[in-house]
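Me: I'd like to learn how to read a structure like this one feature by feature. Could you walk me through it, general idea first and then the case at hand?

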Amino acid sequence: QFQPVESGGGLVQVGESLRLSCTAPGPTFGWYDMAWFRQVDGKEREFVASINSDGARTYYDDSVKGRFTISRDNPQNMMYLQMNNLGPEDAAIYFCAGGGDALKREFAYWGQGTRVTVSP
């Protein structure tokens with residue numbers, strides 16, 4: 001089964017950068033559109049960014065456009081989220097998702113999440 005695993009979360013200060021990574025073992029990684037979502041405690045999970053299977057198309061929520069960049073390296077079974085100029089509003093648990101539609105933002109497989117904390 002396709003099982004994404006996130007890493008790279010941590011504590012940063014306002015204005016700093018962080019790169020999240022997502023991997024999933026197996027030969028199917030390059031078949032799937034993938035995405036990043038985030039969830040603040042007590043709130044619903046929200047879309048951050050998505051990328052199609054070959055990396056040619058990317059989509060972003062307006063709140064992160066110009067600050068976050070989603071990318072992938074299919075031969076390495078890796079997907080990334082480069083986050084720049086982080087603010088308190090970006091603090092959340094970030095989830096990697098795959099096996100769905102990058103445009104529709106619907107995905108079947110989810111990781112356990114990695115926490116990003118942004119301090120003043």
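Reply: Let's begin with two terms. Strands (E, at least two residues) and helices (H or I, at least four residues) are DSSP runs, numbered from the N terminus. Buried means under 20% relative accessible area, exposed means over 50%, and partly exposed is in between, with a 1.4 Å probe and protein chains only. This is a predicted model, where local features need pLDDT of at least 70, side-chain atom pairs count only at pLDDT 80 or more, and totals for chains, interfaces and linings use all residues. Residues are numbered from 1 along each chain as its sequence is written, and side-chain values use heavy atoms, with hydrogens and water left out.

Me: Fine. Which residues of β7 sit on the covered face, and which on the uncovered one?

Reply: In a regular strand the side chains alternate between the two faces of the sheet. Here, the covered face of β7 has F68, I70 and R72, while T69, S71 and D73 make up the uncovered one.

Me: How many bridges join β7 to β8?

Reply: Two strands pair if DSSP finds at least two bridges between them. For β7 and β8 there are six bridges, and the strands run antiparallel. Look at I70: L81 in β8 stands opposite it.

Me: Which residue in β6 can I relate to R105 in space?

Reply: Y59 and R105 are 46 residues apart in sequence, but 9.3 Å apart in space, C-alpha to C-alpha. For what Y59 touches, contact means heavy atoms within 4.5 Å. Leaving aside neighbours within four places in sequence, Y59 is in contact with F47, V48, A49, S50, A102 and L103. Y59 is partly exposed because its relative accessible area is 22%.

Me: Is N52 buried or exposed?

Reply: Buried, because its relative accessibility is 5%. N52 belongs to the loop between β5 (46-51) and β6 (58-60). Not counting residues up to four places away in sequence, N52 touches D33, R57, R72 and A102. A polar atom of the N52 side chain also lies 2.8 Å from the backbone nitrogen of A56.

Me: Which side chain makes a polar contact with the side chain of K65?

Reply: A polar contact is a pair of N or O atoms within 3.5 Å; within protein, one must be able to donate a hydrogen and the other to accept it, and residues adjacent in sequence count only if both atoms are side-chain atoms. For K65, the partner is the side chain of D62, at 3.2 Å. K65 itself lies in the loop between β6 and β7.

Me: How many disulfides are there?

Reply: A disulfide is a covalent bond between the sulfur atoms of two cysteines. The rule used is a pair of cysteine sulfur atoms within 2.5 Å, and the count comes to one. The pair is C22 and C96, with sulfur atoms 1.9 Å apart. The link is left-handed, at -70 degrees about the S-S bond. C22 lies in strand β3 (residues 18-23) and C96 in strand β9, so the pair ties together parts that are 74 residues apart in sequence. C22 is buried, with a relative accessible area of 0%, and C96 counts as buried at 0% too.

Me: Last one: how many helices and strands does the whole protein chain have?

Reply: Zero helices and 11 strands. Of the 120 residues of the protein chain, 45% count as buried. Along its principal axes, the C-alpha trace spans about 40 × 25 × 25 Å. Among contacts between residues at least 6 apart in sequence, 56% join residues at least 24 apart.
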